[in-house]
Amino acid sequence: MIIKYLKLDFVIRAREPIRLPPYKGSAFRGGFGHAFKKVVCVFRKKDCRDCPIIRECAYAYIFETPAPETNAVFNMDKYETIPHPFIIEPPEEKHQDYETGEEISFAVVLIGKAVEYLPYFIMAFEYLGELGIGRGHAKYELARVEVEGKSIYEGKNRILRPDEYKSLEVPEQFSHAQEEVDDSSKPERELILDLITPVRIKYRREFVSILEFHILITNLLRRLALLNYFHGENKRAEWDHKKIIEKAMAVRLERNEAIWVDWERYSNRQKVRMKLGGLAGRIIYRGRLSEFMPLLRAGEVFHVGKGTSFGLGKYRIIEK
C-alpha cells in the first residue's frame with residue numbers, strides 16, 4: 001500500500017501572553033474543529049448527518065468521514081470510528097507560558113485525500129488565532145507554514161506556495177517473503193521504542209498497561225488499513241494478519257520503562273471533562289524485527305492507538 005501525506009510545521013506568534021496546558025495537543029485540537037467548521041460550513045447545521053452535501057463537504061470529510069453507502073470491505077460495527085485524516089503534533093517543550101511576540105511551533109500531518117484540503121487547514125488555524133487558545137483564549141497570528149524548513153505560506157502576505165506531498169510505501173506481502181527460509185537463520189536485534197506522547201491502545205476491549213510487540217503490530221495493521229481504505233487507495237490491504245501476528249508474538253519485550261500517564265481535556269462539544277491517559281516512556285523489544293520495520297516506520301509518521309488527531313500515539317524508533 002502507498003499512503004500519501006504532507007507534514008507541515010505551523011509557526012504562530014503570540015499577540016498577547018499565552019498559557020497552554022501541560023499537554024499542548026488539547027489546546028490546538030480543541031478549538032481547531034470549531035474554527036474549521038466556521039471557515040467551510042455552508043449551512044451552519046449542528047449535525048452533519050442532516051446535511052444534504054455531507055459527501056462533498058470538507059468539514060464532514062475531515063471530522064465526520066462518512067462510511068461508504070455500500071461497504072463489503074470493513075464491518076464498521078467492529079470499529080468505533082473512522083480515523084481522522086490528520087494529526088496535530090504539539091510542541092514538545094515543557095514550559096507552558098509564552099510572552100507576547102514569542103513564536104510557537106507545532107506540526108500537522110495531512111493524510112491521503114486531506115492533502116487536497118491544505119488551504120482550509122491554513123484558514124482554520126488563522127481563524128483559531130482570532131478566537132484564541134489556552135487559558136483565557138489568548139490571541140495569536142499565523143506567522144508562516146513550512147515544509148522541511150521551506151516556507152510555503154507567509155501570514156503577512158497570505159500567499160500559499162503548495163508543496164508536493166510525500167508517499168510512504170508499506171509492503172503488503174512482506175509476511176509471505178521467503179516463507180520457506182527457517183526463521184532461525186535471521187539475526188535477532190534490539191529496538192528501542194520511545195513513546196513521546198501518551199499511547200492509548202486497546203486490546204480485547206481493554207487499554208493495555210504493558211505494550212507487548214504483537215499488540216503494537218496488531219494496532220498498526222488496523223490503523224494503516226483503515227487510513228489506506230478511507231483516505232487513500234480505497235482498497236483492502238492484502239496482509240496475512242494471522243501469519244504476521246504469529247511472527248510478532250515471537251518478538252520479546254526485553255525491558256519496559258513505559259508508565260501510564262493521565263491527562264484531561266474539556267470537550268466543548270460534549271460539555272464534559274475527558275480523561276485521555278496512555279503509556280509514555282521507553283520500551284525495548286528483541287527478536288527478528290527486520291520485516292516489521294516498514295510497519296514501525298509508518299507508525300512513526302501516522303502514530304498509533306487512539307487520540308492521534310490530538311497528537312497522541314507518537315513514538316520514535318531508536319535502533320541499537
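The legends below describe close-up views of a predicted model. Residues are numbered from 1 along each chain as its sequence is written, and side-chain values use heavy atoms, with hydrogens and water left out. Local features need pLDDT of at least 70 and side-chain atom pairs pLDDT 80 or more, while totals for chains, interfaces and linings use all residues.

**View 1. The largest cavity.** The structure holds one cavity of 30 Å³ or more (on a 1 Å grid over the protein atoms alone, points where a 1.4 Å probe fits but cannot get out). Its space is about 70 Å³, a volume being that filled by probe spheres set on points joined across faces, edges and corners. Of the 10 lining residues, Lys 37, Cys 41, Cys 48, Cys 51 and Cys 57 lie nearest the centre (lining: an atom within 4 Å of a point). The lining has eight nonpolar, no polar and two charged residues (Ala, Val, Leu, Ile, Met, Phe, Trp, Tyr, Cys and Pro are nonpolar, Asp, Glu, Lys and Arg charged, the others polar).

**View 2. Cys 41 and Cys 57.** The structure holds zero disulfides (cysteine sulfur atoms within 2.5 Å). For Cys 41, the nearest cysteine sulfur is that of Cys 57, 6.1 Å away. Cys 41 is buried at 15% relative accessible area and Cys 57 at 13% (buried: under 20%, 1.4 Å probe, protein chains only).

**View 3. The second largest pocket.** This pocket has a volume of about 370 Å³ (a pocket is an open set with protein on both sides within 12 Å along at least five of seven lines). Its 16 lining residues include Pro 22, Tyr 23, Glu 92, Lys 94 and Ile 196, which lie nearest its centre. Nine are nonpolar, two polar and five charged.

How values were computed
Buried < 20%, exposed > 50% of the residue type's maximum accessible area, 1.4 Å probe, protein only.
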